[in-house]
Amino acid sequence: LDRRVATFRCNVFANTTKRTYCSYLRCYVAFCAQQHLPLVPISPKDLGRFIAYLSFRVSFLSMRQYLSAVRWLHLEAGFDNPLTSFYIKSVIKGAQRVMGISTHPKLPITPHILDGIHKSLDFTKSIDVTFWAVCLVAFFSFLRKSNLLAQSWEKFHPQKQLARQNISFTADGAIISVTWSKTIQFGQRKLSIPLPHIPKSKFCPSCALLLVFKTNPCSFDPCPAFLYHDINGVHLFSYQKFLVKLKSCLSSMGINSSHYSGHSFRRGGASFALECGLPPDLIKSQGDWASDAYQRYLDPSPSYRLQVSQLLGNAMGKFRV
């Protein structure tokens, strides 16, 4: 029974969270070693010094994550949460005011950029066909990168990354079944994401996906959704390959690729959905957002904002005092 309890406790956090917390704790351990301090318990005065130490290295938002690891370490060791004292709360509040909480999110991929990407590809190459399919699926599904592509064959997990067994085709397009995501970590529900069929359009995600399946047959079971082939055989289209290809296409279009990432498709698809008049609650559902954090990803284009301005202007023009 004790071994079973130990197994449960070892699985409190997902593997990615464990790796992140370990990096935070390494920083804390280095600080304590430098200051000749015990790891636990830490005094409010020394914890304030750690906050100052972090302020020269990370953003305020990242600082809060580092402190959460310190909190966890103390609770695990049987001590009180060191972040609850008035002194520490005042230090954190002051740090927020001095450092600010501005972020620099990646820019959204727009339909115009998608069109430019399409023009830059060579569709006689299997890797370009697959890349285009990934772009369209990412744009229309709002999928997170953790669900879209694996890092390698060894790290491919059919319940986490998109697998062919989780995709079905209908007359209306395709349906992606997701049983694990950032917000579905305990198998509590299944998310079905439809992809449209757009007849005779280069932007049809279901057609692009079906083409990848037909041109890259797979004998593996389970099989990743995105493969490509060359003279050396069939290869996994990894997330790293996707990023390299994306940055290459954007650079060839004269666009600063450092402002974009795989997440740009999720943000771009959601923003485009807003411009198309899709209600925010449906955007939230399609993107599998558990909170209202999705709202900061919605980035209407200047033309959309101009429509709002013109609508208000026209309405005010009819108003007579």
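Asp 128 lies in helix α7. This is a predicted model, and in it Asp 128 counts as buried because its relative accessibility is 3%, where buried means under 20%. Leaving aside its neighbours within four places in sequence, Asp 128 is in contact with Leu 121, Asp 122, Phe 123 and Lys 245.

## The protein as a whole

The protein has 321 residues, of which 39% count as buried. Its elements are 13 helices and five strands. Taken along the principal axes, the box filled by the C-alpha atoms is roughly 75 × 65 × 40 Å. If contacts between residues at least 6 apart in sequence are considered, 60% of them join residues at least 24 apart.

How confident is the prediction? The average pLDDT of the protein is 89, and 90% of the residues score at least 70. Where pLDDT is low, the predicted coordinates should not be read in detail.

## The nonpolar cores

The largest nonpolar core has 43 residues. Those that touch the most other members are Phe 131, Leu 148, Ile 176, Phe 226, Phe 242 and Phe 265. At least two residues of this core come from each of α6 (111–120), α7 (126–141), β2 (173–178), β3 (191–196), α9 (205–215) and α10 (239–252). Helix α7 gives the most to this core, with 10 residues. Apart from this core lies another, of 24 residues, which includes Tyr 24, Leu 25, Phe 50 and Tyr 66.

Which residues does Ile 176 contact, leaving aside its neighbours within four places in sequence? Ile 176 is in contact with Val 137, Ser 141, Leu 143, Leu 162, Asn 166 and Ile 167, and also with Leu 191, Ser 192, Ile 193 and Leu 195.

Helix α6 can be described by its buried residues, which are Ile 113, Leu 114, Asp 115, Gly 116, Ile 117 and His 118. The buried residues of α6 pack against α7, α10 and α11 (263–275).

## Aromatic rings

The structure holds 20 aromatic pairs. In one of them, the rings of Tyr 21 and Tyr 24 have centres 6.1 Å apart. The planes of these two rings are at 45°, so the pair is tilted; planes under 30 degrees apart would count as stacked, and over 60 as edge-to-face. Both Tyr 21 and Tyr 24 belong to helix α2 (residues 15–35), where they are three residues apart, about one turn of the helix. Tyr 21 and Tyr 24 are both buried.

Elsewhere, ring pairs link Phe 131, Tyr 228, Phe 237, Tyr 239, Phe 242 and Phe 265 into a cluster. Phe 131, Phe 242 and Phe 265 were also named above among the residues of the largest core that touch the most other members.

Which residue lies over the face of Tyr 53? Arg 57 does, at 3.7 Å from the ring centre. Lys 160 lies over the face of Trp 180, at 5.0 Å from the ring centre.

## A strand hairpin

Strand β4 (residues 227–230) and strand β5 (residues 233–236) run antiparallel and are joined by four bridges. Through two residues, a hairpin joins β4 to β5. Leu 227 stands opposite Leu 236 in β5.

## Two loop residues

His 157 is found in the loop between α8 (145–148) and β1 (167–170). Is His 157 buried or partly exposed? His 157 counts as partly exposed because its relative accessibility is 35%, which lies between the limits of 20% and 50%. The C-alpha atoms of His 157 and Gly 262 are separated by 19 Å, and the two residues are 105 residues apart along the chain.

Ser 257 has its place in the loop between α10 and α11. Ser 257 is buried, since its relative accessible area is 15%. Leaving aside its neighbours within four places in sequence, Ser 257 is in contact with Lys 247, Leu 250 and Ser 251.

Note on methods
Residues numbered from 1 in each chain as written. Predicted model: local features only at pLDDT ≥ 70, side-chain atom pairs only at ≥ 80, totals over all residues. Heavy atoms only, no water. pLDDT = per-residue confidence, 0-100. Phe/Tyr/Trp six-rings, centres within 6.5 Å; stacked < 30°, edge-to-face > 60°. Buried < 20%, exposed > 50% of the residue type's maximum accessible area, 1.4 Å probe, protein only. Lys NZ or Arg CZ within 6 Å of the ring centre and 35° of its normal. Core = buried A, V, L, I, M, F, W, Y, C linked by side-chain atoms within 4.5 Å. Contact = heavy atoms within 4.5 Å. Pairing = 2+ DSSP bridges.
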